[in-house]
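Here is a short briefing on one protein model. It covers a pocket and a charged contact.

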Amino acid sequence: MNVLKVPARTIAVFVLPSLIVYIGLVFVPILVSIYDSLLDWDSINKAKFIGLDNFKTMFAHDANFWPSVRHTLLYAVFSMAEIPICLFMAGLLNRYVKRGNTLVSIYFVPVILSTVIIGQLWKTIYNPADMGGMLNGILTTIGLDSWTHSWLTEPKIAMYCLYFVSLWQYFGYHLLIQFTGVQNIPSDVYEAAKIDGAEGFKADWYITYPMAVPIFKISIVLAFIGSLQQFDLVWVMTGGGPAHATDTISTHMYNSSFLSLKYGYGSALATFLVFVCLVFTVVINFVFKKVEAKYS
């Protein structure tokens with residue numbers, strides 16, 4: 001069979017325009033942000049080059065920086081915690097539900113809603129009972145008054161309330177990815193396993209889960225990187241409060257850049273976030289490369 005060889009010059013002609021656009025929209029802004037992180041600039045007066053002073057301030061003198069990093073990393077951990085559940089449910093839907101696609105589509109509904117709508121919806125649910133809050137109203141009705149809280153204004157629990165909303169919003173997203181991956185596993189593999197006595201959960205353990213590792217990795221990367229960049233839901237529901245208790249790196253960056261007019265310092269925070277995303281993406285890919293090699 002003759003394979004048509006496409007000249008490298010022809011490939012370059014088709015790839016180059018997209019590559020130029022990608023560099024212009026991704027790499028150039030990152031480089032500009034890195035340069036701005038070396039400046040003291042308020043967008044009004046002339047920028048002053050200060051070297052790494054913004055990073056020194058960020059790591060050593062900003063009282064809100066490390067708490068925002070901790071909140072962001074916890075956000076990422078919580079977002080990944082639902083993915084094994086999604087994979088487990090995908091296996092059940094694929095085996096026992098004839099119209100699993102319909103059920104997955106229903107779970108996917110929160111994903112297509114605007115984050116602003118979701119934020120306002122859950123703010124209403126978390127409201128105090130006297131303000132129509134559904135959650136406190138239900139707890140009061142069933143006699144659990146001691147469990148009621150001002151959910152979004154208590155520093156110790158506000159962040160966990162946001163974690164739950166994020167899990168609820170993206171559960172259908174990851175379920176769809178895992179369900180699609182499970183459906184693409186060839187049926188003859190299960191038939192061969194059935195002959196050897198492996199079916200049901202045993203077949204899932206030895207066939208479904210190992211073969212779903214590449215799809216599982218995609219969900220992990222998307223969930224982790226998306227959580228590190230989390231801004232809109234936090235901003236809509238709490239604005240980073242109360243008393244910075246729900247600040248993430250992105251909200252802290254926004255406050256520093258656009259409210260405090262410290263654009264150089266905000267760029268330093270953005271540079272740090274890009275670096276963290278890059279590092280964790282490399283680490284996750286390295287770990288899953290080992291896992292895939294084990295099950296290949």
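The points below take the pocket and its lining, then the salt bridge.

This is a predicted model. Its largest pocket has a volume of about 490 Å³.

**Pocket: position and lining**

- The lining of the largest pocket is made up of 18 residues.
- Closest to the pocket centre are I30, A270, L273, V274 and F275.
- Three helices each give at least two lining residues: helix 1 (8–36), helix 12 (249–259) and helix 13 (263–295).
- Helix 1 supplies the largest share of the lining, with eight residues.

- Nonpolar residues account for 14 of the lining positions.
- Four lining residues are polar, and no charged residue is part of the lining.

**Salt bridge: the pair**

- The partners are R95 and D204.
- Their closest N and O atoms are 1.9 Å apart.
- The pair links distant parts of the chain, 109 residues apart.
- R95 belongs to helix 3 (residues 65–96), and D204 belongs to helix 9 (residues 201–211).

- Are the two partners buried or exposed?
- R95 has a relative accessible area of 29%, so R95 is partly exposed.
- D204 has a relative accessibility of 4%, so D204 counts as buried.
- The cut-off for buried is under 20% relative accessible area.

Notes:
Residues numbered from 1 in each chain as written. Predicted model: local features only at pLDDT ≥ 70, side-chain atom pairs only at ≥ 80, totals over all residues. Heavy atoms only, no water. 1 Å grid on protein atoms, 1.4 Å probe; cavity = no way out; pocket = protein on both sides within 12 Å on 5 of 7 lines; lining within 4 Å. Points joined across faces, edges and corners; volume = space filled by probe spheres on them. Helix = DSSP H or I, 4+ residues; strand = E, 2+ residues; numbered from the N terminus. Nonpolar A, V, L, I, M, F, W, Y, C, P; charged D, E, K, R; others polar. Salt bridge = Lys/Arg side-chain N within 4 Å of Asp/Glu carboxyl O. Buried < 20%, exposed > 50% of the residue type's maximum accessible area, 1.4 Å probe, protein only.
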